[in-house]
Structures are given as C-alpha cells and as structure tokens.
Amino acid sequence: SPHNVASVPLRWVLTFTAGPNEVDVLLLRDAVFNSEPWRDTGPASRHFRRVQLEATGGAPAALAAAACTDAMRWADQIGYRLASGGCGDTVYTGLLVFQRLPGN
C-alpha cells in the first residue's frame with residue numbers, strides 16, 4: 001500500500017545527516033502549523049538557521065490558529081523571531097518563517 005511508508009524521528013535523521021552542524025532551513029508541511037517535530041529534536045531544535053512551517057489547510061480554523069500560536073510561543077522560548085507570517089482567527093493556510101536570533 002502506498003500509505004505504508006517507513007518513518008524515523010527527525011532527531012534521528014539529524015544525528016546521521018547533520019551531526020552537530022547547523023542546518024540552513026527546516027521545512028515542515030502539514031494541515032496546520034504543527035511545531036511538534038521541531039520540538040521533538042531536543043537540543044538540536046536550535047541548530048536551524050531558519051524554520052518554515054507551512055499549513056496546507058483542510059483542518060478546522062480553530063485548530064490551525066491554536067497550532068500557529070503554539071509555534072510562535074515555542075519559537076520565542078528558544079530564541080527565534082518571526083520573519084514572516086502570523087496568526088489569527090482566520091488563518092487556515094500559509095507560511096510561518098522563523099529566524100534564529102544572533103547568539104542563540
């Protein structure tokens with residue numbers, strides 16, 4: 001079946017591909033602005049110069065807005081600023097782009 005795709009945690013992929021090095025861009029695409037894979041990288045969550053979350057839609061607006069707010073809060077906690085995009089009650093799709101602040 002085409003839906004039986006093997007998957008591994010992002011933390012594992014980073015360990016074997018980037019090691020302790022920085023990654024230019026992390027792109028996460030799903031129905032909402034889900035930042036969980038970024039959070040799940042643990043200490044490596046600060047190894048990305050830029051993080052782009054793309055919401056493709058198809059989820060209730062309230063869910064997308066809540067995920068957007070969570071992503072904004074997480075980014076702020078670990079030293080990233082919003083470079084483009086934003087949250088609102090009418091946000092269904094779009095991009096959030098975070099830039100790591102100097103010194104983080």
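What percentage of the 104 residues of the protein count as buried? The share is 34%, where buried means under 20% relative accessible area with a 1.4 Å probe and protein chains only. This is a predicted model, in which local features need pLDDT of at least 70 and side-chain atom pairs count only at pLDDT 80 or more, while totals for chains, interfaces and linings use all residues. Residues are numbered from 1 along each chain as its sequence is written, and side-chain values use heavy atoms, without hydrogens and water.

Colour by secondary structure next. Along the sequence their pattern is α-β-α-β-α-β-β.

Now select the strands. They form an open, mixed sheet in the order S1-S2-S4-S3; two strands pair if DSSP finds at least two bridges between them. At the edges are S1 (23-30) and S3 (80-84), each pairing on one side only. S1 and S2 run parallel and are joined by seven bridges. Display Leu28, which stands opposite Leu53 in S2.

Finally, select Ser45, in the loop between helix H2 (36-39) and strand S2 (48-55). Ser45 is buried, at a relative accessible area of 2%. Beyond neighbours within four places in sequence, Ser45 is in contact (heavy atoms within 4.5 Å) with Trp38, Trp74, Ile78 and Tyr80.

Technical notes
Helices (H or I, at least four residues) and strands (E, at least two) are DSSP runs, numbered from the N terminus. Buried means under 20% relative accessible area, exposed over 50%, partly exposed in between (1.4 Å probe, protein chains only).
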